[in-house]
Amino acid sequence: MAKNVLLTGGSGFIGTYLTHVLIENGFSVSVLSRSDRNNTDFITYYKWDLDHNYIDENAILNANFIIHLAGEGIVEKRWTEKRKKAILDSRTKPIELIYSVLQKHNKLLKAFISASAVGIYGAVTSDEICTEETLPANDFLGTTCQIWEDAAAKIESLGIRTVKVRTGIVLGRNEGFLKKLKPSFKLGFGAILGNGNQYLPWIHIEDLCTVYLKAIQDEQINGNYNATVLDNTTNIVLSKTLANFYGYSIWLPKVPDFVLKLILGEMSVAVLNGQRVSSEKIKKASLNFQFDDLETALSRCIS
Ligand SMILES: NC(=O)c1ccc[n+]([C@@H]2O[C@H](COP(=O)([O-])OP(=O)(O)OC[C@H]3O[C@@H](n4cnc5c(N)ncnc54)[C@H](OP(=O)(O)O)[C@@H]3O)[C@@H](O)[C@H]2O)c1
């Protein structure tokens, strides 16, 4: 019988893509969602309501693996105190609920795999290359990722192999980061943000799915793994390459820091700063990225 992978937040960008990959690789897929959804031939949906601590326990009881992707969008809205709490709670509360069901039923999973983000290394602009050994930063993104990972570690305390995937900006055709950038760039209004020197650690969605698949299939994979390409992509490089794809050179002036701070508030740190992050650890586990060149990755997303 096919092994079951339960995805929390499986209806989102990464989850939708990953669902196809898992099914192609012979897994059965279930999705935990806040909405009522109809089962398909390939996907079973279960419901949860985090505000009321409700979860359909069958989702957990039928799962061999859980991949935790659920969470409020980090750069969707201004970071008010309320929004920051929602970003954090939407990542940690699901883990607490899953933990309580696993504990109640003495249920062991083959692995629990949680999304995390390279934001754990903080909103910084530096040439330092972050590895899994680099200490978490104490800004909002750093502490959020740390608390999110600590919550996942609680599942590990049940004796379950636990993996945290510290993900860079995910490039995909019609979703995520590029979905936000494409319209203005397509119209010829692409611009460089801030001084443009901030690094942009990125990964193509197909490679990210390979990382998740590896985390499921390889029992040696345990702990924290960066999932991002280490190259010299900065905001300038990305903006120029993207404009080039649409047949023009950037002509607008750079958007100054203070304008972004006015528009985005504290969240501007997420676009004005970036990290250089190494994925050597996952590569040493015999995983090679198909896309480690920005132009090739972008052409896959744009053509
Ligand atoms: N995309 C990226 O570039 C990127 C980079 C680094 C890390 N990550 C992390 O990877 C994970 C998945 O990313 P994604 O891009 O696939 O996100 P996404 O498209 O926004 O999907 C996230 C899913 O989480 C669920 N969700 C949203 N708000 C929630 C809440 N308040 N409580 C519980 N569930 C909620 C939703 O599913 P339902 O509506 O069905 O409940 C949604 O489909 C996230 O944790 C994200 O931070 C993403």
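K85 and D89 form a salt bridge whose closest N and O atoms are 2.6 Å apart; the term stands for a side-chain nitrogen of Lys or Arg within 4 Å of a carboxyl oxygen of Asp or Glu. Both residues belong to helix α3, where they are 4 residues apart, about one turn of the helix. Helices (H or I, at least four residues) and strands (E, at least two) are DSSP runs, numbered from the N terminus. K85 is exposed at 51% relative accessibility, and D89 is partly exposed at 21%. Here buried means under 20% relative accessible area, exposed means over 50%, and partly exposed lies in between, with a 1.4 Å probe and protein chains only.

## Basis of the values

This is a predicted model, in which local features need pLDDT of at least 70 and side-chain atom pairs count only at pLDDT 80 or more, while totals for chains, interfaces and linings use all residues. Residues are numbered from 1 along each chain as its sequence is written, and side-chain values use heavy atoms, with hydrogens and water left out.

## Other salt bridges

The whole structure holds 10 salt bridges. One of them joins E149 and R166, with the closest N and O atoms 2.8 Å apart. E149 lies in helix α4 and R166 in strand β8, so this pair ties together parts that are 17 residues apart in sequence. E149 is buried, at 4% relative accessibility, and R166 is buried at 4% as well.

E206 and R300 form another salt bridge, with 2.7 Å between the closest N and O atoms. This pair links distant parts of the chain: E206 is in helix α6 (residues 205–217) and R300 in helix α11 (residues 294–302), 94 residues apart. E206 is buried, with a relative accessible area of 14%, whereas R300 is partly exposed at 40%. Salt bridges also link E81, K84 and E266 in a network.

## The ligand and its shell

There are 24 residues around the ligand, and S11, S33, R34, E72 and R91 come nearest. A residue is near a molecule or strand if one of its heavy atoms lies within 4 Å of it. The shell divides into 11 nonpolar, 9 polar and 4 charged residues. In this grouping Ala, Val, Leu, Ile, Met, Phe, Trp, Tyr, Cys and Pro count as nonpolar, Asp, Glu, Lys and Arg as charged, and the others, Gly among them, as polar. At least two shell residues come from each of α1 (13–24), α3 (81–104), β6 (111–117) and β9 (169–171). The element that gives the most is β6, with 3 residues.

Accessible areas come from the Shrake-Rupley method with a 1.4 Å probe, and for residues only the protein chains shown count as cover. A polar contact is a pair of N or O atoms within 3.5 Å; within protein, one must be able to donate a hydrogen and the other to accept it, and residues adjacent in sequence count only if both atoms are side-chain atoms.

## Contacts inside the protein

N235 is found in helix α7 (residues 235–245) and is buried, at 6% relative accessibility. A polar atom of the N235 side chain lies 2.9 Å from the backbone nitrogen of L193.

V163 is in strand β8 (residues 162–167) and is buried at 1% relative accessibility. The C-alpha atoms of V163 and Y225 are 7.5 Å apart, although the two residues are 62 residues apart in sequence. A153, in helix α4 (residues 140–156), is partly exposed, with a relative accessible area of 27%. Its C-alpha atom is separated by 9.8 Å from that of S114, 39 residues away along the chain.

## A nonpolar surface patch

L187, F189 and W251 form a nonpolar patch on the surface, with about 390 Å² of accessible area together. Patches are made of residues with over 30% relative accessible area and no salt bridge; like charges are joined within 9 Å, and nonpolar side chains (Val, Leu, Ile, Met, Phe, Trp, Tyr) within 5 Å. L187 sits in the loop between α5 (176–186) and β10 (202–204) and is exposed, with a relative accessible area of 64%.
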